Every structure is written in structure tokens, then in C-alpha cells.
Amino acid sequence: MEKQLPLSFDNTAIAFEAKTDKALSKANFLFSNIGKPWLVKLGATFTPIAFKLRLPIKGIIKSTIFSQFCGGETLEEAAHTALQLGNYHVGVALDYGVEAMEGEENYDNAVPEFIRAIQYAASRPDIPFIAIKITGFARFGLLEKMHSKAALTSEEQQEFARVRKRVHAIAEAAAKSNVGILVDAEESWIQQPVDDLTDEMMALFNKKKVIIFNTFQLYRHDRLEFLKVSLDKAVKEGYLLGAKLVRGAYMEKENKRAAEMGYPTPIQPSKAATDKDYNEAVTFCLENLDKLGLFIGTHNEDSCMLAARLLHEKELPHNHAHISFSQLLGMSDNITFNLAHAGYNVSKYLPYGPVKDVMPYLIRRAQENTSIAGQMGRELGLIRKEMKRRGM
């Protein structure tokens, strides 16, 4: 008889075991308010103005939305958060949450910052991953021109050579330190050079172990096929594919640009189509675990349960070295902590950086949350269930 999968995402005692009564009350207050679109809109408008006027709002932000969704202002503060999560067998994907500053000097300065984070992560068993964005090291306009396959001037060729050098330095440091690099997906109209550069780094550094991961946004209708093509390429060229699966983050932007410029949108026709492709991608990767490393970045309970069940049914160890789950810090603790409790590899995406610089990230997070149907209701329902269980 088939063994029952010992996993539930409804166990709130495990989901919130890391939270004190005070922290749980604060999360209840925060999610109650993030669920109000008018309040999020007001915050998104008011906060940048308040910072410009030097109003004393940093303390309020740091003790509320920042402490819920960010690991700290510095690498050291983020490491302290990682240590706390590590007590519950939850790892961390460090994400320097500061929006990229344009300019060659800023791109150059970002490299040692990431190498420092990699070297720090190498000394810690609870920080298996670092996230990077290619737009943190390259000019958007250059990537856009490359994506359109327009010929580059000699200056632009030199400019891209510098981009490659920066990314190579980070990838090489990660390979030496045995730390995974998660390369974020970007907008569809700059994605091709990002994919090409990531493939190049995988070919160099994923020979024996998966160090570099590309991101596949399954809300795009062409990415399931691209995942399969990417695996074929990796097999032919003799390296392991790193596949980070997400649903996607730029839907409104993508649809708007496609409508304005008169080309078919790359976005799936419905959420159901996205879910179907996402789950097919999970299944495909789990059937090829000997040839790839899989990073499941999602807050979708069905997709996480599917992957956990498939591992269990195949009688593969729950903590298989080639598979990891991940959710954002401050969200879906019911998935993260219950997976960790059942012995699966799971990590929290942990953004860090100065409060003022991380604000664009936090505003986007709040806006995304209000637009994800049912997400806030689910978070609040679980928090209140746990508060009731504790007699609060």
C-alpha cells in the first residue's frame, strides 16, 4: 500500500512556531491593512515624498512592513535573520533588495558587494543561495538593443564585455564558495541576452554541481517549451541546468506594452493556463533530476504539494540535493515551515538593504499582494487560526 504523504499546509502550530505572540499580532495588523488597496496606494504615493522631505518615518516603516518582508538593513542584520530561520531548518536566498542604480561606476561597485555576500554565505550552512539581477550590472537600453538583435557599435560591444566580466566574477566566486546563484528573470523585451549570459555561466560553472540557476517565468506561454529546449542544450553541451520556476512578476507591464506597441502579449491567457504550465514544468523537472537542479519559487500550495508528493512517490529523499522550495520572507509561512518540518529543502527569499533604498521593493510587494486574489485572505485566516489556537 502507498505510504501517505505526511505533509499539510494547514498546520498553523508549525507554520508560526518561529513567531512570538507579539510578532503574530503585528502580522495580523499588517496583513489586515495590506489587504486594503486604497491604503497601499496612499502609502506608495506618500512614502517617497516623506523621504524626500526628510520626515521621520523610517522608524515606523522599519518596525512594520520592513521587519515583515526584509531581513535587515545590512548583510550582518540579514545574517542574524538567517540564523533565526536556520533554527527551524529553513535556509535563505539572500537578495540585496536595492533597486539597481544606473551607471558604469555603480555596476562596478555592485560586484564586490555581491562577492562579499557570497563569501559570507559560504561560511554559513543556512545561506545556500544568493539572488542577482543582470540589470544590476548592465544598462537596460543595451540589453534591449541586444534582445532586438540590432548590431552593436564597438563601444557597446566593449560595454557588454564589461557586463560579462562582472557576471563572470560573481559566478566564479559562487562556484569557488559552493553557493547557488539565482539569476532573476527580467522584462520579456530584454530577456534574451539575460538567458544567453546565464547559459554561458551555467556551461562554465555547472559541470559537476548546479551553481547557476536561470529563472523561467511560467506566466509566459513560451517558457515551458524554453525550459525543455534549455535542458536539451545543457545535456548536449555537457553541463547541468539550473531551473528556478516562478509564475512571474511583470504581468501588467507586459500586457500594457504589448497593447501599446501592437504585438501579441507573451503572457498566458488565464491563471489556469499559467498553473497548468507551472505544474507541468515541476513534473518535467522532477523526471529529469539527474540532469538539473530545481528551485521551486512559489506561494501556490497546489504546486508545492505536487512537487512534495512526486518526490515522495518516487521514493526520493525529501531533502534531495537537486531540489529546493522557496517563498518570500514574511509570506506563506504555512508552506515554508511545514515543508521544513517534513524534511524538504526550503528557503526564504530574504531581501536586505537600507530602508529608504528598499522602499520600491516593499511598495511593489504590497501592490502585488493586494492584486493576488485570495492571498491576503489566506494569510489572515491562518494567522487568526493560530491566534485562536494560542488563546490570544
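Me: A strand is a DSSP run of E, at least two residues long, numbered from the N terminus. Which strand holds N214?

Reply: This is a predicted model. In it, N214 is found in strand β4, residues 212-217.

Me: Why is N214 called buried?

Reply: Buried means under 20% relative accessible area. N214 has 1%, so N214 is buried. Its contacts beyond four places in sequence include V183, F226 and K244.

Me: What makes α5 roughly parallel to α6?

Reply: The two helices, residues 75-86 and 104-122, pack at about 30 degrees, with axes 12 Å apart. Angles under 35 degrees count as roughly parallel, so α5 is roughly parallel to α6. The crossing is right-handed. L75, E76 and A79 of α5 meet R116, A117 and Y120 of α6.

Me: How do you know that the side chains of K145 and E156 meet in a salt bridge?

Reply: A salt bridge needs a Lys or Arg side-chain nitrogen within 4 Å of an Asp or Glu carboxyl oxygen. Here N to O is 2.8 Å, so the pair qualifies. K145 lies in α7 and E156 in α8, so the bridge ties together parts eleven residues apart in sequence.

Me: What makes E386 count as buried?

Reply: The limit is under 20%. E386 has 0% relative accessibility, so E386 is buried. Its salt bridge with R390 spans 2.7 Å, N to O. Shared partners join D21, E386, R389 and R390 into one network.

Conventions. Residues are numbered from 1 along each chain as its sequence is written. This is a predicted model: local features need pLDDT of at least 70, side-chain atom pairs count only at pLDDT 80 or more; totals for chains, interfaces and linings use all residues. Side-chain values use heavy atoms; hydrogens and water are left out. Axes are lines fitted to C-alpha atoms, for helices over the stretch in contact, and angles run from 0 to 180 degrees between N-to-C directions. Helices (H or I, at least four residues) and strands (E, at least two) are DSSP runs, numbered from the N terminus. Angles under 35 degrees count as roughly parallel, over 145 as roughly antiparallel, 65 to 115 as roughly perpendicular and the rest as oblique. A crossing is left-handed if the near helix is turned anticlockwise from the far one by less than a right angle, and right-handed if clockwise. Contact means heavy atoms within 4.5 Å. Buried means under 20% relative accessible area, exposed over 50%, partly exposed in between (1.4 Å probe, protein chains only).
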